[in-house]
Amino acid sequence: MDNEYSIVMVKNAGWNQDIKPGREVSFGFTAKYEDEIHIPQSYSLSTCRVKVPEKDYKITYKTNSDWNNGYSSSMEIKNLTDEAIEDWELQFEFGHSVTNMWNAVIEKQVNETYQLRNNGYNQNIPANGAIYFGFNGEPGSVSEEPKGFVLHKYINNINPELDSDGDGMPDIYELKMGTNSYKKDTDGDGLDDFTELFKVGLDPLKKDTDDNGIADGDEDSDEDGLTNLREIQIGTEPGDSDTDKDGLSDGEEVRKYKTDPLKEDTDGDTLTDGDEIILGFDPLKKDTNDNGICDGEEKVQQTLTEEIPADNNNGGAVTGVQVDMKVTGNINNHTEIQNVFGEDTLSSELVGLVGVPVSISTEGRFDEATITFSYDVSKLGATKEEDLAVMWYDEENEDYVI
């Protein structure tokens, strides 16, 4: 018995290793407890099939007799370790037909690949021991030996990474949750257990988590206009309304704009699908107006406005700054108006400064721009409106220019 990962692992006693069809095995145990007895809530049979390392065994093949119409051969599997190899299975390639076998069973054959399993009574290869099996075949004249041996065994060790049903949840976690580690969708609502638990926060043990009469697969958890099941089918995230982060919801892309919800720039013009809609372009066409200029290079008249917060406005005279320009891309994504009062010490201490200095930067391409300052006349003090001017810093000449 092994108690690890907060799970009790119980191993057969050897003589009851197999549970025959329609039969059962029983066992008992004693345990210490405090306050109250907690009955186990979930159970799982451990059938972990693993590959035996080549260094742990040796296989010897022998052709015992060979005649024109047939042959008879035998094999030995030698266990080179101090632990038994339990419930062994053997795979190999052999270019000759096998007609019958003893001490082993042919489970599957695909072309020249044979898959064997033990015959029950010899299911375990003892520590440092060996098992033998043989087979006959036809015709005779065996010219080559079997090759490509792969030996498997079954263990009851806990593999924290084993995911038997491939749903993204390790078996060890499924056991704790009570979900079926051999069934991707335990509750049969169309969503695999991992998606329900970690992506949309639903109950993988309940087909209709909120009891509203709608199966979890038919719900729209992220409210993007697509059901959870539909999102799984097309590859979008049922817990994220905008899977590709292009500014359009998955539902808008699929139903309205016919764009790719898994690709932020469907037509490859360097603009995201969402920006194309904002700028009036066709997200399915690189050059919307067929003027020979890619949409990503088109200059569009746009405006960006920044309000100056009252907590850092140097008296509150300047209340906002606006930039108008014909520029490439979405101005809201690549252009910034920043209040630098107190940060740009040189500009903040200029004589005659009204309000705050601002920094304006852009990654878009433009020819000219109009900058507008909004101000509160009542806070100009002794400064006359006709005396106001915009001063900017010429970095190349290191001088202020009006």
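How many bridges join β7 to strand β13 (residues 147–155), and in which sense do the two run? In this predicted model, four bridges join β7 to β13, and the two strands run antiparallel; strands here are DSSP runs of E with at least two residues, helices are runs of H or I with at least four residues, and both are numbered from the N terminus. Two strands are taken to pair if DSSP finds at least two bridges between them. Within this pairing, leucine 90 has leucine 151 of β13 as its bridge partner. Strand β7 (residues 89–93) is also joined to strand β10 (residues 113–118), by five bridges and again in the antiparallel sense, with arginine 117 in β10 as the bridge partner of glutamate 89.

Residues are numbered from 1 along each chain as its sequence is written. Because the model is predicted, local features need pLDDT of at least 70 and side-chain atom pairs count only at pLDDT 80 or more, while totals for chains, interfaces and linings use all residues, and side-chain values use heavy atoms, with hydrogens and water left out. The mean pLDDT of the protein (the predictor's confidence in each residue, from 0 to 100) is 91, and 97% of the residues reach 70 or more. Confidence is lowest in strand β1 (residues 2–4), where the mean is 52, and highest in helix α5 (residues 273–279), at 98. Where pLDDT is low, the predicted coordinates should not be read in detail.

An open sheet is formed by four strands in the order β4-β5-β12-β8, with antiparallel pairing. Strands β4 (57–67) and β8 (100–102) stand at the edges with a single partner strand each, so one side of each is left without a neighbour in the sheet. Neighbouring strands of this sheet are turned against each other by 15 degrees on average, direction ignored, the strand axes being lines fitted to C-alpha atoms and angles running from 0 to 180 degrees between N-to-C directions. Between β5 and β12 there are eight bridges in the antiparallel sense, and lysine 78 has alanine 130 in β12 as its bridge partner.

Aromatic pairs (rings of Phe, Tyr and Trp, the last by its six-membered ring, with centres within 6.5 Å; planes under 30 degrees apart count as stacked, over 60 as edge-to-face and the rest as tilted) number 11 in a search of the whole structure. One of them is formed by tyrosine 71 and phenylalanine 135, which are edge-to-face at 6.3 Å centre to centre, with 85 degrees between the planes. This pair links distant parts of the chain, since tyrosine 71 lies in strand β5 (residues 70–79) and phenylalanine 135 in strand β12, 64 residues apart.

Strands β14 and β15 run antiparallel and are joined by nine bridges, among whose residues glutamine 302 has methionine 325 in β15 as its bridge partner.

Strands of this region also contribute to a pocket: β15 (318–328), β17 (358–362), β18 (366–375) and β19 (392–394) each supply at least two residues of the lining of the second largest pocket. By class, that lining has 25 nonpolar, six polar and three charged residues, where Ala, Val, Leu, Ile, Met, Phe, Trp, Tyr, Cys and Pro count as nonpolar, Asp, Glu, Lys and Arg as charged, and the others, Gly among them, as polar.
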